[in-house]
Structure formats: C-alpha cells, structure tokens
Amino acid sequence: MNQAIAFDTYAYVKKLRDVGVDERQAAIQAEALVTLIENRLATKQELAQVEAVLRRDIELVRAELKRDIESVRTDLTRDIESLRAELKRDIESLRAELKRDIKELDTKVEVRLKELEQRMVIKLGSLMVVAVGAVAALVKLL
C-alpha cells in the first residue's frame, strides 16, 4: 500500500528554472526526486501500519513470555516441593538413624559401666579380704 507523497514537481521545476537551471535539467532533477521520494520515503500511514504490526508483535511476545515465565514458575515450584519432600524424608531417615545410634551407644555405655562396676566390686572385695586378713594378722600379733 504505497501511497504517493504529495510533491509539486511543477513548482520545483519552476523554482530551479527561476534560479538559472536549464528547464530540461530541472525536469530530470524533479523526476529523480519524485522517484527517490516514492521509493525511499515512508508515509505517515505506512509508519502507522508498521507501528501497529510491531505493537501487535510485541504484545504476542509479551504474552508468550508471560506464559513461559508462568511455566518456569510452576516447574520451579514443583521442583522446590519435590526437594522439600525429599529433604524431609532425608531428615526423618537421619533422625531415625541417630535414634538407633544413640540407643546402641546407650547400650554400650551401660554394658561398659556394668563391667566397670563388676571390676570395682572385685577390687573392693579383694581390698576388703586383704584388709580383713591384715586386721586378723594384727589381732593375732597383739
């Protein structure tokens, strides 16, 4: 839809002729100028059409970007929830493992304390036997 730009070639040729340019040369210049204007310059209507197309394209891209962003947001939310659930499972697993380890450690400490208690009873008993023997020996000697 190339619309012609209003250009008064007659007035242009007349102005050139008035300043001393040969009429034939002025007509050729006017013709060249008209060709240049028609082929190279855009009308306001053409610019408005291009602007409308660009605005529509921008809106389409904007809408597509919004959809993409929402899709990414949904994917990230799902991934975060999945990771959160996985982390909870790992924490529960570690908690159970720690409870088992603590129970096992408590059992080992209890066993070790009983062993120490038995050894101390034996040593104390031995010391008492020796002490009673020493006292008996002292009583016989005195």
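Which residue forms a salt bridge with Glu 59, and how far apart are the closest N and O atoms?

Guide: The partner is Arg 62. The closest N and O atoms of the pair are 2.6 Å apart. Keep in mind that this is a predicted model.

Start with the setting of that pair. Glu 59 and Arg 62 both belong to helix 3. They are three residues apart, about one turn of the helix. An α-helix has 3.6 residues a turn, so residues three or four places apart point the same way. Glu 59 counts as partly exposed because its relative accessible area is 43%. Arg 62 is also partly exposed, because its relative accessibility is 41%.

A second pair sits in helix 3 as well. Glu 51 and Arg 55 are four residues apart there, again about one turn of the helix. They form a salt bridge, with 2.7 Å between the closest N and O atoms. Glu 51 has 39% relative accessibility, so it counts as partly exposed. Arg 55 has 53%, so it counts as exposed. The cut-off for exposed is over 50%.

Now a salt bridge elsewhere in the chain. Arg 17 pairs with Glu 23, and their closest N and O atoms are 3.8 Å apart. The cut-off for a salt bridge is 4 Å, so this pair is included. Arg 17 is partly exposed because its relative accessibility is 33%. Glu 23 is partly exposed too, because its value is 45%. In total, the protein has eleven salt bridges.

After helix 1 comes Gly 20. The phi of Gly 20 is positive, near 105°. Helix 2 then takes residues 23-40.

Return to helix 3, which runs over residues 44-141. Some distances show how this helix extends. Take Asp 90, which is in helix 3. Asp 90 and Leu 65 are 25 residues apart along the chain, and their C-alpha atoms are separated by 36 Å. Asp 90 is partly exposed, because its relative accessible area is 42%.

Arg 89 is in helix 3 too. From Arg 89 to Val 13 the sequence separation is 76 residues, and the C-alpha to C-alpha distance is 90 Å. Arg 89 is exposed, because its relative accessibility is 54%.

Further along helix 3 is Val 129. Val 129 and Asp 57 are 72 residues apart in sequence. Their C-alpha atoms are 105 Å apart in space. With a relative accessibility of 58%, Val 129 is exposed because it passes the 50% cut-off.

Helix 3 also carries Leu 113. Leu 113 is one of four residues in a nonpolar surface patch, together with Leu 105, Val 109 and Leu 116. The patch comes to about 350 Å². Leu 113 counts as exposed because its relative accessibility is 52%.

Step back to the whole chain. The protein has three helices and zero strands. From the N terminus on, the order of elements is α-α-α. The C-alpha trace spans about 165 × 30 × 15 Å along its principal axes. The radius of gyration is 53 Å, whereas a compact globule of 142 residues would have one near 14 Å.

The surface figures complete this picture. Buried residues make up 5% of the 142 residues. The protein exposes about 12900 Å². Carbon and sulfur atoms supply 62% of that area.

Last, the confidence of the prediction. The mean pLDDT of the protein is 92. Of its residues, 96% reach 70 or more. Where pLDDT is low, the predicted coordinates should not be read in detail.

How values were computed
Residues are numbered from 1 along each chain as its sequence is written. This is a predicted model: local features need pLDDT of at least 70, side-chain atom pairs count only at pLDDT 80 or more; totals for chains, interfaces and linings use all residues. Side-chain values use heavy atoms; hydrogens and water are left out. Patches are made of residues with over 30% relative accessible area and no salt bridge: like charges are joined within 9 Å, nonpolar side chains (Val, Leu, Ile, Met, Phe, Trp, Tyr) within 5 Å. Accessible areas come from the Shrake-Rupley method with a 1.4 Å probe; for residues, only the protein chains shown count as cover. A salt bridge is a side-chain nitrogen of Lys or Arg within 4 Å of a carboxyl oxygen of Asp or Glu. Helices (H or I, at least four residues) and strands (E, at least two) are DSSP runs, numbered from the N terminus. Buried means under 20% relative accessible area, exposed over 50%, partly exposed in between (1.4 Å probe, protein chains only). The radius of gyration is taken over C-alpha atoms; the globule rule is 2.2 Å times the number of residues to the power 0.38. pLDDT is the predictor's confidence in each residue, from 0 to 100.
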